Amino acid sequence: MSASIKRIAISTGGGDAPGLNAVIRSVVLAAEQRGWACFGIREGFNGILLPERYPHNGVVRLTIDQVRGIGHLGGTILGTTNHGNPLKFATTMPDGSVQEVDRSADIHHYLKQMDIDALICVGGDGTLTIAHALHQQGLRVVGVPKTIDNDLDKTFTTFGFDTAVSFATECVDRLHSTAESHQRIMVVEVMGRYAGWIALHTGIAANAHAIVIPEIPYDAEKIAAMIRNRDINGRHYSIVLAAEGATPLGGQHALQASASSGYVERLGGIGDQLAHDLQRLTGKEARSVVLGHLLRGGSPTAFDRLSAMRFGAAAVRALDEGHSGIMVALAFPNVNYVALEEVAGRMKAVPMDSDTLQTGRDIGICLGDN
Ligand code: F6P
């Protein structure tokens, strides 16, 4: 039974991921079925907090017409941002300094003024932590888990991950022949932040010879020994998958940029570093390839599209059933609800007893520690 909802809003936050448009479409269609009006907030919460940026309105009415034909498209029609946290909103003060200011009251005020009864927040850890705070402050909120990194707890998977792994696998498939032709080491760096899901799944699916992930600090000498061994056995090339958050034993994350007001640290560079070390240790030519944002682009796979559609419909259903402060999640094969407080601020790393990890070891892939 509807918890007296007539108008809802949806926001997409954090890095984009294939499937966001499918969620938006599903939410709008499921809301319309119930006679609810749906509104979309532009670029996370910026549509509310920085209205001057949006001359045609930072919050837009979403009807069936607006979401027609978008389900298979990458990106998000609402836009997104990964540095617009309303709880710590980077604000330039009169003296020119930049300080983090809690602007959550402005969100509540705006939604009240617009008679919006509930909010659906689609995003990763950062966005769901915001969703949890807004819920604790009294807003009716449901979260939808999104990230190519698959590092959110309490859900079997997030949409975007399958698309990222599928595309990365296709890329690595293509690298085998050029690596073999030149008898080179190719180090392929993939996103994933502090979790190794993308690297691990891609590495196994694409027959990599070594995979390094943040969960297992690597010893470059162990990887070099595996490469020398392959050479002795007549296999003169090697493919190494490197998660951007991987670290050498006793070493640090490779960074493109440190954290600053409103911005989290940007990882990147481990692929180059490892290629350089492996070239030095083996005497073989090594190259690195960074797949980076390519993994966030393109159409969602059917699996991600379906997950996104299911999550969007389930989020509306949850609100209709009177829930708040929850995230819809995939508890394979079903979608269920979990409390946002069990998700906010928690990262899902690859568990050491993961059978996927064990598969890698069983089929002889070097994980940097063996
Ligand atoms: O969380 C998604 C993600 O793509 C990470 O894998 C990556 O570290 C980060 O976002 C990159 O963000 P940006 O869009 O700021 O480059």
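1. Let's start with Arg235: at 37% relative accessibility, this residue counts as partly exposed, because the partly exposed class lies between under 20% (buried) and over 50% (exposed). Bear in mind while reading that this is a predicted model.

2. So what does Arg235 pair with? The partner is Glu180, in a salt bridge whose closest N and O atoms are 3.5 Å apart. The two residues sit in distant parts of the chain, 55 residues apart: Arg235 belongs to the loop between α8 (220–232) and β10 (238–243), while Glu180 is in helix α6 (residues 161–182). Glu180 has a relative accessible area of 39%, so this residue is partly exposed too.

3. Next, have a look at Arg184, which makes a salt bridge with Glu285; here the closest N and O atoms are 3.0 Å apart.

4. Glu285, at 36% relative accessibility, counts as partly exposed.

5. For a pair out on the surface, go to Arg68 and Asp65. Their side chains meet in a salt bridge at 2.6 Å, N to O, and both residues are exposed. How many salt bridges are there in the whole structure? The search finds 14, and the pairs in these notes are among them.

6. Moving on to helix packing: helix α1 (residues 20–33) packs with helix α10 (residues 302–320) at an angle of about 35°, and their axes are 7 Å apart. The crossing of α1 past α10 is right-handed.

7. Which residues make the α1–α10 contact? From α1 you have Ala22, Val23, Arg25, Ser26, Val27, Ala30 and Ala31. They meet Arg305, Ala308, Met309, Gly312, Ala313 and Val316 in α10. By type, the residues of this contact divide into 9 nonpolar, 2 polar and 2 charged.

Note on methods. Residues are numbered from 1 along each chain as its sequence is written. This is a predicted model: local features need pLDDT of at least 70, side-chain atom pairs count only at pLDDT 80 or more; totals for chains, interfaces and linings use all residues. Side-chain values use heavy atoms; hydrogens and water are left out. Axes are lines fitted to C-alpha atoms, for helices over the stretch in contact, and angles run from 0 to 180 degrees between N-to-C directions. Helices (H or I, at least four residues) and strands (E, at least two) are DSSP runs, numbered from the N terminus. A crossing is left-handed if the near helix is turned anticlockwise from the far one by less than a right angle, and right-handed if clockwise. Contact means heavy atoms within 4.5 Å. Ala, Val, Leu, Ile, Met, Phe, Trp, Tyr, Cys and Pro count as nonpolar, Asp, Glu, Lys and Arg as charged, and the others, Gly among them, as polar. A salt bridge is a side-chain nitrogen of Lys or Arg within 4 Å of a carboxyl oxygen of Asp or Glu. Buried means under 20% relative accessible area, exposed over 50%, partly exposed in between (1.4 Å probe, protein chains only).
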